Amino acid sequence: MKNPSAFTGYEMLAIQMLFSGAAAGFIYPSFLIRSTEGAYWIPIAVWTAGALLSSWLYSRMLARLEGRKLVSAIRSSVGLVWTSVLFLPVILFLIGALIVMLRAYSEIITMTMLPTTPISFLNGMLLSSAALALAGIMPIIRAARVFFLMASLFTLALLIIGFSDVNWTLGTPWFRTNGDFLLDNRFYAGSFLWMGFAITSLIGPYTMQSARGAWRSYALALICALPMIAGYVYLPVLTFGRDLSQRLTFPFVTKMDTIYHYWIIFDNLTAIFVSVTMLYVLLIMALKLHALGDTVKTLMPKAKNGFIYLGLFIVVYAAATFLPSWRELEHVIILTVGIRLYIMFIFPLLGMAALIVAQRRGGKGRES
Amino acid sequence: MSDILASFYRLSENPDTLSLFDQLSEAFADSADYTTALIGKTDATEYHLCFIKSLCSSQKLDYLLGTNIEGDMSAQLERYYGTDLVEGNSKSCEQAICNGYAVICKRTSSTGLMLNISESRQRSIVSPITENVLQGPMNAFNESLDVNTALIRQQIRSSKLKLWETFIGTESITRVAVFSYSGAIDPDLLSKLKERLKKVQTAGVQDSGQLLRLLTTKNWMNLFPVSVSTERPDRVSADLLAGKAIIMVDGTPFALIVPTVYTDFWHSPEDKYINPYVTYFLLTLRFLAMFINLFLPAMYVALTSVNIDVNRLEISLAAAASREGVPYPVYVETLLMLIVIDFITEAGLRLPKSISSTVTMVGGVVLGQAIIQANIVSNLLVIIVAATAITNFIVIDYQMGLVQRILKYFMVMGATIAGVLGIVFCFACLIFYLSCLESFGAPYLTSLWSKKRRS
């Protein structure tokens, strides 16, 4: 599409739900379960509030774009150099997020379904996402609509089945917390789950109306995703208890492994969960790659699209392949907390400031 | 009649160039069915009638030539009744003869009069062959564009039904018509379609499918059909009212409906004529068949060779027991059986009906039984392949059915490499591919439902 339009409400909802599905299922639960001894829903609620605040800041920034794309609007406001400085953390964050998502998913496949398949081969799945990213935002949106319909049905079914063999007393304390999670870096490491709006903000032009609509859709998606996120966290805890869950690398995957019902056709629900997650992951990687490619293209207008995406593919693939182990991956996630918090809260303020300054300059210019 | 005679005498002569009669005789020199007849003679010149007898109406010719050629000319010409006479030069006369006209010219004139005595050879209107329904209109298009136009106009008796015509093919000069319903169609789509048709460069067009290939750019990208091909006037008229354009080619009974989205290929014309709940049930059945056709052989490969633990233990044991004695890997036996069943399908389609049933019987029952007894494949696989073949025939559109037949091999390849995850990956790639496709500006993977509702 030559002139990509901003997402419609349903499309935003679908993409944000897919984002939650891609990020919440395998890394997030272990971080959250290990971050607190109190009630788990409280850190989730805190992050939900944080995500709403962050997305609101973004929507205020996007409302000033007047039908332009974020990167090009800021570039025309403060020039190429300052735009590059402002967006360098964004680019690093997106590359990091892609590396983490790809490697984490490859690891989960190795640990559950294909133990003898090399990581370097599994990481090759990025190729399909890169091809979709290169095709443009409209193909991504169309694919997202299909994946959302299919994956959400399977996820809902898995969550409902996940309620078998739960012991509600294992979830205690239900209401008590001493705020210990606020001092735990794993609580902040889970911030990647709440950054869906930041990524979609980089794609497509926005107006005041579409920015408001996007924020509303994001808020709705967040509310719809909360039961899923809570399910991923609570179902393993209600099955294995707190202590055992804290020792598990993938609590929800292990939970899926324990389910057995005579009436279920498949014996191994983990395979179903991992397969459904693949739909989420492939699409969200395509979205992130597109956001990244679009940003780089605006900063380097002379670069050819094909070469940009090829370069990004090579960088992400190589980095994800050469990460030595799962533990290193966890360290990377914890080390990049600062950059994610910057993207969530500081970047929209700086972007807004840049746009306001440019607007005032423009106003003065017109007056004089 | 006096006008005709007056036209005769006005035919221009150019002594510097070859006469029209000679030019036509030269142009049709090696055509055995090209006929010239002397129809009149005066002191000054002779009058000739030139035509291709295989394209002309014998009845009209009889009226024209039945009398004695030595007789009175006016008496002969009284027998002609048809469209107005048009005077034309050698080029237009040559083309007119190719279209079934007769040309009357003086022996020395450089122009001639064209008489429309053409008679089109066509089938009568019969029931559809590829789109059978149990309830609904039973007539189908034939090879005549005029008849097809009439069939459409009988379905939509409105002045809003518009028809635009052009000729395609430098040699075949085939009539191509674009139908649209004013007010429902997107004018932008219509103008772009006309532009694309004008740009088509080819020697000849024999079928609408061939025209579609010429119309679509990036043919290497298009595995899926980007237009529904139909021979039913009721389907065409319904789609016209829904805002689509119809392309018809003279000489073929198949109309192209554009733009087309993926879900259009799964709707039968009958769906609108029966109870909506039954329609939903049938649609579900078709999509279920599509998924079974795509995934069943691949799942067999994945669950019996890569992800053995995913399936129920009892089924895995049964599958292992049925494969006892089979010397080949699972993917080899699966591919072998899929290819054999495609051979049988293809043989059944190409042979006459009386023989094809025998081939199906021999292929399906005898070969299936023998192949199990020879321990080449497991009996579980025979069930799977049979189910796959049956579900393939549930696909409404013939072209989409062919694509489905190819795609199942793609899924089997994915399953061979990475089991269930390979299947999911291939499916995701398929969705990505479909999401990139467009049919005449309409995204292939979106429903036109919202647009219809708005209208």
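**Notes on the predicted model**

1. The contact between the two chains draws 25 residues from chain A and 21 residues from chain B. On the side of chain A that touches chain B, the elements that give two or more residues are helix H6 (126-135), helix H7 (137-161) and helix H13 (269-299) of chain A. The residues on that side of chain A divide into 19 nonpolar, four polar and two charged. Please keep in mind throughout that this is a predicted model.

2. The largest nonpolar core holds 172 residues, and those that touch the most other members are Leu18(A), Met101(A), Leu283(A) and Ile423(B). Leaving aside neighbours within four places in sequence, Leu18(A) is in contact with Ala144(A), Phe147(A), Phe148(A), Ala151(A), Tyr280(A), Leu283(A) and Ile284(A). Apart from this core lies another, of 32 residues, which includes Val178(B), Leu240(B), Ile246(B) and Met248(B). As general background, nonpolar side chains in soluble globular proteins tend to be buried together.

3. As to the overall make-up of chain B, there are 16 helices and 12 strands, and buried residues account for 35% of its 455 residues. Among the contacts in chain B with a separation of 6 or more, 68% are between residues 24 or more positions apart.

4. Chain B contains an open sheet of five strands in the order E6-E7-E9-E10-E8, with antiparallel pairing. Its edge strands are strand E6 (161-168) and strand E8 (228-230) of chain B, each of which pairs on one side only, and the twist from one strand to the next averages 25 degrees. Strand E6(B) is joined by eight bridges to strand E7 (residues 174-181) of chain B, the two running antiparallel, and within this pairing Leu163(B) stands opposite Phe179(B) in E7(B). Helix H7 (residues 187-199) of chain B lies across E6, E7, strand E9 (245-249) and strand E10 (255-258) of chain B, and runs at about 175 degrees to E7(B).

5. How many of the six residues of strand E4 (residues 101-106) of chain B are buried? Six of the six are buried, so strand E4(B) is largely enclosed by the rest of the structure. The burial extends to both faces, with Tyr101(B), Val103(B) and Cys105(B) on one side and Ala102(B), Ile104(B) and Lys106(B) on the other; a reader going through the side chains may wish to look at Lys106(B), a buried residue in this strand.

6. The pairing partners of E4(B) can be described in turn. Strand E2 (residues 46-52) of chain B pairs with E4(B) in the antiparallel sense over four bridges, and here Leu49(B) stands opposite Ile104(B). Strand E5 (residues 112-116) of chain B is joined to E4(B) by five bridges, again antiparallel, with Val103(B) standing opposite Met114(B). A hairpin of five residues links E4(B) to E5(B).

7. Some backbone geometry deserves a check, since most residues other than glycine have a negative phi, and most peptide bonds are trans. A cis peptide bond, with omega of about -10 degrees, joins Val258(B) and Pro259(B), and Pro259(B) lies in the loop between E10 and helix H10 (276-306) of chain B. Asp165(A), which is not a glycine, has a positive phi of about 60 degrees and lies in the loop between H7 and helix H8 (185-189) of chain A. Phe440(B) likewise has a positive phi, near 50 degrees, and is placed in the loop between strand E11 (438-439) and strand E12 (442-443) of chain B.

8. In chain A, Phe252(A) belongs to helix H12 (residues 251-258) and counts as buried because it has 28 C-beta neighbours inside 10 Å. Not counting residues up to four places away in sequence, Phe252(A) touches Gly25(A), Pro29(A), Tyr232(A), Leu235(A) and Pro236(A). Phe252(A) and Gly306(A), which are 54 residues apart in sequence, lie 38 Å apart in space, C-alpha to C-alpha.

Conventions. Residues numbered from 1 in each chain as written. Chains lettered and ligands numbered in written order. Predicted model: local features only at pLDDT ≥ 70, side-chain atom pairs only at ≥ 80, totals over all residues. Pairing = 2+ DSSP bridges. Axes fitted to C-alpha atoms, helices over the stretch in contact; angles between N-to-C directions. Contact = placed C-beta atoms within 7 Å. Core = buried A, V, L, I, M, F, W, Y, C linked by C-beta atoms within 7 Å. Buried ≥ 20, exposed ≤ 12 C-beta atoms within 10 Å, placed from the backbone. Nonpolar A, V, L, I, M, F, W, Y, C, P; charged D, E, K, R; others polar.
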